[in-house]
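Hello,

Here is the structure I promised to pass on. Please have a look before you read my notes.

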Amino acid sequence: MDLPLPLSPTALPWSRHEFDRDYLSRGREDLFDALFADDSTRVLPLWRGSALMAGQALSLLPASSLPHAAVETAETVVYLGRTLSASSPEPIGTPIVAVVLADDAADSLDDGPDSWGKLRTIGGTLSDRDAGLLTQAVALVNWHDSHRFSPRTGEPTLPTQ
């Protein structure tokens, strides 16, 4: 009996990735202060389940290009990791943070009807790096949105390690 060959990761659109989740850095108490002070950090803006697009790719903005108020009023901020691939537009090791923007901050970045893309619509057309980043960003944001309070204590949960 012939068994089917396992699918390669490239055959599964939402399993592709070209970034390191950098779990060792996640335990730092000053992680986000350090990331937003680093000129190389890039931000993936998210709004209402969509990512900011630059043509057929995710728009990764320098952290300094977002108004401080946009980050301060963000619903959720999560560290995604660092780029791994030399084919990435950013240098290897570039830190990437996802920020869920409030409506007014998203409006300031809106460039028209194709400015924002949803994972289910665009995931199969994205590069390996972008597919992995957006998949992880959406998963983490959705988890934090649906787990706002501890089931044990009722206290608000906070994105950490």
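This is a predicted model: local features need pLDDT of at least 70, side-chain atom pairs count only at pLDDT 80 or more; totals for chains, interfaces and linings use all residues.

The aromatic pair
The structure holds one aromatic pair. The partners are W47 and W116, with ring centres 5.5 Å apart. Their planes meet at 55°, so the pair is tilted; edge-to-face would need an angle over 60 degrees. W47 sits in strand 2, which covers residues 42–47. W116 belongs to strand 8, residues 116–118. The pair therefore ties together parts that are 69 residues apart in sequence. Both W47 and W116 are buried.

S59
Look next at the loop between strand 4 (57–58) and strand 5 (61–62), where S59 lies. S59 has a relative accessible area of 10%. That is under 20%, so S59 counts as buried. What does S59 touch, leaving aside its neighbours within four places in sequence? Its contacts are V43, L44, P45, L52, M53 and A54.

I92
I92 is also a loop residue, placed between strand 6 (76–83) and strand 7 (95–100). Is I92 buried or exposed? Its relative accessibility is 55%. The cut-off is over 50%, so I92 counts as exposed. Neighbours within four places in sequence aside, I92 is in contact with T83, L84, S85 and A86. One further distance involves F19: its C-alpha atom and that of I92 are separated by 8.8 Å. Along the chain, I92 and F19 are 73 residues apart.

Best wishes

Key:
Residues are numbered from 1 along each chain as its sequence is written. Side-chain values use heavy atoms; hydrogens and water are left out. Helices (H or I, at least four residues) and strands (E, at least two) are DSSP runs, numbered from the N terminus. Buried means under 20% relative accessible area, exposed over 50%, partly exposed in between (1.4 Å probe, protein chains only). Contact means heavy atoms within 4.5 Å. Rings of Phe, Tyr and Trp (its six-membered ring) pair if their centres lie within 6.5 Å; planes under 30 degrees apart count as stacked, over 60 as edge-to-face and the rest as tilted.
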